[in-house]
Amino acid sequence: MSVSHVLLGILSEGAAHGYDLKRIHDERFPGARPLAFGQVYAALAKLEKDGLVEVAETLRDGGPERTTYAITPLGRDELDTWLATAERAGPYPADDLVRKTVTALRLGADAAGFLDRQRGVHLAAMKHQLHLQDSTADTAARIVIDHTVSHLDAELRWLESAAARVADAGKAPA
Amino acid sequence: MTHLLELRGVHKSYARTEALRGVSLDVRPGEVVAVSGPSGSGKSTLLHCAAGVLAPEAGSVRFDGTRLDELDEAARTRLRRREIGLVLQFGQLVPELTAVQNAALPLLLDGTDRRTARTAALAWLERLGVPEVADQVPAELSGGEAQRVAVARALVTGPRLVCADEPTGALDTVAGEVVLTQLLAAVRDAGTALLVVTHDNRVAARADREVVLQDGRLASGQAAVTP
């Protein structure tokens, strides 16, 4: 459950409340879907129940109650284990690119045209990411961008091979 | 804007294989154009026709209005040496010469005196971030360093066009990124056009425009790569 572990990672740098955790998460992973506050507080409640975080301070200064959380020694152990464990590869379910191409092929629609247009969209997205890459010297930020660029690269390679297969099928129908 | 390079209906065959089947392509001054496509689609042949290294059997190749395909070999070589830089996948440096001698070679072949040629070559090695390898021979260089020396050699005459065939193809991702960044910065600063054959999507994404070859024909392209 990686969101909880990322929150543990942020808390290991110092105690923080839910709003800070969301803000730091969203800043560090600009390509990821922003965390919902509900998601953050639900994760914190579960982490607290499991003894991985604890309440460090609760402030009531006229406004809504603000609770600051800190990582526990057990939480630190859990974080270390997570950091040292390799993630499984995949699965890679058929996404919209695959579904649309297969549907177009089944219907005899213009799959090649779609693949060509999609390549343009992916290349433009990669150009944007490379521009971001050029504009930062921060290693962590560059690693995040590398991850996005590598995914775009993989999909561009898939688009290229799919286009070649569609072209071959057009020459010699199976 | 007028075109620096104009290919019209270019055909080129090797024995019975038609490598190019009527390719037309324009490159504007200072423009970066990526040529993509599967292996065997004719990318390198297109690049070599554009650079005046190969003469097409049919069609025309104009460089700044001059028909490259109608020049004799000597005139084409002269024009190429001054106006068109070439970068190949494996650098193709002369193994007996040092990096700075390799980079200075086009100027020396064109009659520039040794001292001026060395100064210009050193300036390019500096610009490309490898001044420290100037007196080393190619066997002592890493792949990325050798490729940057090859880029210096391509740019040393101040050409208006650089033709690059898989310039990052033999390098790992990080070294390729360095070479690519330096090559693009250098051509953009100098206002030099770049026609670059590539399998690397990162190269295509950094281009102004991508054309895709398939079976010796342009499958798509001319569209700008814009975010």
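Colleague: How do I read contact between residues?

Modeller: Two residues are in contact if their C-beta atoms, placed from the backbone, lie within 7 Å. Helices (H or I, at least four residues) and strands (E, at least two) are DSSP runs, numbered from the N terminus. This is a predicted model: local features need pLDDT of at least 70, side-chain atom pairs pLDDT 80 or more, while totals for chains, interfaces and linings use all residues. Residues are numbered from 1 along each chain as its sequence is written, and chains are lettered from A, ligands numbered from 1, in the order written.

Colleague: Which residues of α3(A) are buried?

Modeller: Buried means 20 or more other C-beta atoms within 10 Å of a residue's own; exposed means 12 or fewer; partly exposed lies in between. In α3(A), A:V40, A:A43, A:L44 and A:L47 are buried. They cover an arc (from the directions from the helix axis to the C-beta atoms) of only 100 degrees, so they sit on the same side of α3(A).

Colleague: Why do spaced residues point the same way?

Modeller: An α-helix has 3.6 residues a turn, so residues three or four places apart point the same way. The buried residues of α3(A) pack against α1 (2–11), α2 (18–28), β2 (53–59), β3 (66–71) and α4 (73–84) of chain A. The face turned away from that buried side carries exposed A:G38, A:A45 and A:K49.

Colleague: What comes just after α3(A)?

Modeller: A:G51 does, with a positive phi of about 80 degrees.
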